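Me: I'm new to this structure and would like to learn how to read it. Could you walk me through a few features?

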Amino acid sequence: MRYARKFAVLRKQSLLGDAISHAALPGIAVAFLITGAKDSNVLLLGALVSGLIGVFWIRGITTKTHLKTDTALGLILSLFFGFGMLLLTYIQKQPNANQAGLDKYLFGQAATLVESDVLLMVIVTGISLLVMLLFWKEFKLLLFDKNYAMTLGFNTKFIDGLISFFIVLAIVIGLQTVGVVLMSAMLLAPAAAARQWTNSLSTMVILAAIFGAFSGVFGTAISASQNNLSTGPVIVLVAAIFVIVSFLFSPERGIIFKQIRLIKNRRDLQLKKTLYFMYDIVRDHDDISRPHAIRILNSFQGFTKKTLSKLEEKDWITIQGQNWSMTEDGFETAANLYNNNLPES
Amino acid sequence: MGTKIAVAVDDLTVAYNYKPVLWDIDLSIPEGVLMAIVGPNGAGKSTLIKSILGIIDPIAGSVAIYGKPYTKQRDKVAYVPQKGSVDWDFPTTALDVVMMGTYGSLGWIKRPGAKEKKLSLEALEKVGMLAFKNRQISQLSGGQQQRIFLARALVQNAAIYFMDEPFQGVDATTEIAIINILKELRKAGKTVIVVHHDLQTVPEYFDWVTFLNVKHIATGPVKDIFNDDNLTKTYGINYKVAVQQ
Amino acid sequence: MSPMIDIQLIATVTAAACAIPGVFLVLRKMALISDAISHSILPGIVIGFFITHDLASPWLIIFAAFSGIITVVLVELIQKTGLVKEDTAIGLVFPALFSIGVILIAQNANDVHLDVDAVLLGDLVYAPFDRLIIDGADFGPKGLWTISVILVITLVLLLAFYKELKISTFDVGLSSALGFSPVILHYGLMSVASVTTVAAFDAVGAILVVAMMITPAAAAYLLTTDLRKMLLLSVLFGVGSAIGGYWFARWLDASISGSITTVLGLLFLIIYLLHLAKD
Ligand SMILES: Nc1ncnc2c1ncn2[C@@H]1O[C@H](COP(=O)(O)OP(=O)(O)O)[C@@H](O)[C@H]1O
Ligand SMILES: [Mg+2]
């Protein structure tokens, strides 16, 4: 069930998961009202149905009105959940209400999962994995370019529906573990962390599954080791640590390395400005390596002794006493500095 | 033509990441010109305007509007951004959008009154949109939306107007209507600076031109500098080809 | 005054106080920030309680509102890095803050008589019994006073800065070019939204706060193309649903906040269907 959630991040509907998990609540209550039993499979079916209704209403709002995605998500989230609460309080007031256990869907209760719950999760996970592999190519295409997928003749509505179905399914199944409130974190955090380490969708899916699983295992272990430490919130915080670490330290996109690169590049740019100034002097001569006096650079503001030695380090110029001369390499670099926007002619 | 310098750009270098987008730009725009900025896509035309208006911080260099930094001269400048920068579903009418141009002169808290409304209606009339004053803005065509934005710039009653590709996606009638208004502005002594794409119409529409492609290539009267040499330097290809593209 | 009227008054004033910032949140495509704020004020409330040891202290509102602002700042910081899509940032921040709140409560269960259920769902039924008593004289429910003060402040701010809010919501570029700092206006709006959320959720719960902020605005947005009318209609829808929801709950003998949300939902459904029929 973990790969369905990755797609949620990619589709600009990151909080769809949050909305769906809230939208599932009235379904659970209605299923309980109808059957009077708290067989978790029946309740999950109710959750699935109302989750799907929520998704399709969100689609309807965003495509048929000028309301934007965020408003649609907020509407469904709060309205369905409020309606669900109304039903739950109504059920509670019924004389023979045996509603204990319904609220595990609110806050999650990894500890009370029974064997059959786990079995169901395994089965659903297996099926969605299979579907995912089967439609991998189509999923990928649809996520990145819907219109292009359509021109290729893919039935985008079908695939779209399939993706929605699996997102809802994954969420509904997960509800029992982490609960409505913290569901969105479990949908987003592992994927957001994974995204920082790779640009490939398949690697990202695998990584996210690993991060998610680790958060679950660590979180459960930590919360078991102490009294009064609820499982769901601890899992969420462990996942949050994965996110923070990924944001900071991923070598490609991480904030720290990016900042270092940025500072370096800006310094480089200053250097290149000096180089370009030299290039302007040199290019009027036939012999580019002809020495020039360092003195003539004095009118250039950004120039210091340090810049010169930096330039020499990069083998762009050589320095002999009070003179400098440009190397082939330096000349090339300077010549290509600004015309890299020119179309090849 | 006035001899005062409306906009002076000095040694401006801008980079979003590591590659310079604008490189050591030195440029002065005299007061009272109707000027086109031309250059290929990605040449940094929008970036130049944005850095003049202080929307982007340069790595080096400075900009002066009538000798002072932009933050001190806000009231002298009006800017029409590239299209698509607002939410057209916003619950507001054409007249309302134009009125927003008067907010700057009102300052905080004070509400627009009869005087502001009158100014806005006049501006709407000038761009030929008076009949649409109560239309919700999403119910206007692309060209009409562009005219509304022009009207909004007009009521700002600035000395310098910046427009980023005002002819993008508008029909020929609108294009002519807009250029006529711009010419009128110039006659009234305003400085108008327009990012322009259609090289063919440059001599007809503008009296001044800047060639830009990362570096500043040339600035001057169209009749003096709008030639093959500068076009080739800017587009890197033969002028004729550039015109036909 | 009877509790019956008190409850309706609190619900009505809360609905009006929520509807106004809600309109601007919807127009700014920030509807979900209300969801985030309503969850992440929890740690603020708990920490505020540790410091003041008084659940009714006005400092609690300040602390909680402050954690609402922190949420907004964190979301923006993450968005600025460009590492994830904008809305993902919201979904990363508020569950983490909420989790911290839940853990703090569980760890100090003996000292804090705060129930996570109550935070999320709230309960109007008890609101009338916490009364403001000065020199022995009864001035009505405290909650009503708090939310009324907030409504008045919101109205004053709206009247004073209507033009500025409008322009910075519609066109950030023009707003800053004309000297109306979008940053100041943004944080001003977020502060109002946070304070309103804190005061409202005490009475109606976190989820209903979200519904009360977004739904009236969304329904009004489907009906009008005029910002003033949109504001008026939203307040009207909010107030109407609050009263309607109260009576619905009495009839059903169920949660008042759940019932108000349901009425809001039905209202939106009707307007949505009308909108579809119109095209
Ligand atoms: N926000 C941005 N971040 C990174 N690069 C940008 C950004 N905006 C523009 N660029 C890059 O800067 C260059 C100049 O862009 P722009 O000024 O929009 O060009 P023009 O308007 O002439 O087409 C382009 O290569 C573009 O990709
Ligand atoms: Mg551009």
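Predicted model: local features only at pLDDT ≥ 70, side-chain atom pairs only at ≥ 80, totals over all residues.

Me: Let's begin with chain A. How many helices and strands does chain A have?

Reply: Chain A has 14 helices and 3 strands. Of its 345 residues, 50% are buried. If you take the contacts in chain A between residues at least 6 apart in sequence, 65% of them join residues at least 24 apart.

Me: How do I describe two packed helices?

Reply: You give the angle between their axes and the distance between the axes. The crossing of H3(A) past H4(A) is right-handed.

Me: Which residues make that contact between H3(A) and H4(A)?

Reply: From H3(A) you'll find Ser50(A), Ile53(A), Gly54(A), Trp57(A), Ile58(A), Ile61(A) and Thr62(A). H4(A) brings Thr69(A), Ala72(A), Leu73(A), Leu75(A), Ile76(A) and Phe80(A). Sorted by type, the residues of this contact are 9 nonpolar and 4 polar, with no charged ones.

Me: Now a single helix. What span does H6 of chain B reach, and what is expected?

Reply: H6(B) covers residues 172–187, so 16 residues, and it runs 23 Å from its first C-alpha to its last, close to the 22 Å expected at 1.5 Å a residue.

Me: Which residues of H6(B) are buried, and which are exposed?

Reply: The buried ones are Thr174(B), Glu175(B), Ile178(B), Ile179(B), Ile181(B), Leu182(B) and Leu185(B). They sit on the same side of H6(B) because they cover an arc of only 160° around the axis. Over on the other side, Ala172(B), Thr173(B) and Lys187(B) are exposed.

Me: What covers the buried residues of H6(B)?

Reply: The cover includes strands E3 (34–38), E6 (160–164) and E7 (191–195), along with helices H4 (114–126), H5 (142–155) and H7 (202–205), all of chain B.

Me: One last residue. Where is Leu199(B), and why does Leu199(B) count as buried?

Reply: Leu199(B) is in the loop between E7 and H7 of chain B. Leu199(B) counts as buried because its relative accessibility is 4%, and the cut-off for buried is under 20%. For a sense of distance, its C-alpha is separated by 34 Å from that of Lys133(B), 66 residues apart along the chain.

Definitions and conventions
Residues numbered from 1 in each chain as written. Chains lettered and ligands numbered in written order. Heavy atoms only, no water. Helix = DSSP H or I, 4+ residues; strand = E, 2+ residues; numbered from the N terminus. Buried < 20%, exposed > 50% of the residue type's maximum accessible area, 1.4 Å probe, protein only. Arc of directions from axis to C-beta. Contact = heavy atoms within 4.5 Å. Left-handed = near helix turned anticlockwise from the far one by under 90°. Nonpolar A, V, L, I, M, F, W, Y, C, P; charged D, E, K, R; others polar.
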